[in-house]
Amino acid sequence: MKAADIIFDEDLELYVFLEYLDNEICITLSEGLFASEEELTLNYKKKIASFINNIPRWYDQVCNSIIVWAQDTYKIVAHLQDIQLMGINVLFEQNAKELFGLDFRVEFDIERGCGVKIKTGKNKFSIIKIGTGDVAFSW
């Protein structure tokens, strides 16, 4: 994905097909951000595109963390096939450090799902919080 491909619709959404997951997901620009009302800079779009393009570098780490969280929280054995990325929420302003919320559909909690907050910096990805789906939408 190129920065030029980052064009949100009137609902602040962008749907992209990710070959890595063989699935279409929704990228959402949080409407609580000033960025939702501003013209997006090329640098901001590059940060978003880079995160999406780097999915092979962070996806397994996130899924493994969800499996551990599910075991601790629900006292079950979760598997990779129980987890499906549905959306990526952009949770940072144009002049701030990158923060994304990942929204997952999970077989072990269909109703609430699972949310992961992840930050990036210096080509590293750090999981900040894992919880129910609402975690993916809040700063």
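## Basis of the model

Residues are numbered from 1 along each chain as its sequence is written. In this predicted model, local features need pLDDT of at least 70 and side-chain atom pairs count only at pLDDT 80 or more, while totals for chains, interfaces and linings use all residues; side-chain values use heavy atoms, with hydrogens and water left out.

## Helix H2

Helices (H or I, at least four residues) and strands (E, at least two) are DSSP runs, numbered from the N terminus. Helix H2 comprises 20 residues and spans 27 Å from its first C-alpha to its last, close to the 28 Å expected at 1.5 Å a residue; the expected span is 1.5 Å times one less than the number of residues. Just after H2, Lys75 adopts a positive phi of about 55°.

Burial is assigned by relative accessible area: under 20% is buried, over 50% exposed, and in between partly exposed (1.4 Å probe, protein chains only). The buried residues of H2 include Ile55, Trp58, Tyr59, Cys63 and Trp69. Contact being defined as heavy atoms within 4.5 Å, the buried residues of this helix pack against strand E1 (13-18), helix H1 (42-53), strand E3 (83-90), E4, E5 and E6.

Two strands pair if DSSP finds at least two bridges between them. E1 and E2 run antiparallel and are joined by 6 bridges, with Phe17 opposite Glu24 in E2. These two strands form a hairpin with 4 residues between them, and Asp22 in the turn has a positive phi of about 55°.

E2 (residues 23-29) is mostly covered, 5 of its 7 residues being buried. E2 also runs parallel to E3, to which 4 bridges join it; here Thr28 stands opposite Asn89 in E3.

## Aromatic pairs

Rings of Phe, Tyr and Trp (its six-membered ring) pair if their centres lie within 6.5 Å; planes under 30 degrees apart count as stacked, over 60 as edge-to-face and the rest as tilted. The structure holds 11 aromatic pairs. In one of them, the ring centres of Phe51 and Trp58 are 4.5 Å apart and the planes lie at 10°, so the pair is stacked. Phe51 is buried at 2% relative accessible area, and Trp58 is buried at 0%.

The rings of Tyr74 and Phe108 have centres 5.4 Å apart and planes at 55°, so this pair is tilted. Tyr74 lies in H2 (residues 55-74) and Phe108 in the loop between strand E4 (99-106) and strand E5 (114-121), so the pair ties together parts that are 34 residues apart in sequence. Tyr74 is partly exposed at 22%, whereas Phe108 is buried at 17%. Ring pairs also link a cluster whose members include Tyr20, Tyr44, Phe51, Trp58 and Phe125.

## Cysteines

With a disulfide defined as a pair of cysteine sulfur atoms within 2.5 Å, the structure holds 0 disulfides. The sulfur of Cys63 is 9.2 Å from the closest cysteine sulfur, in Cys114, too far for a bond. Cys63 is buried at 0% relative accessibility, and Cys114 is buried with a relative accessible area of 0%.

## Thr132

Thr132 is found in the segment after strand E6 (124-131). Leaving aside neighbours within four places in sequence, the contacts of Thr132 include Trp69, Tyr74 and Cys114. The C-alpha atoms of Thr132 and Glu111, 21 residues apart along the chain, are separated by 9.5 Å.
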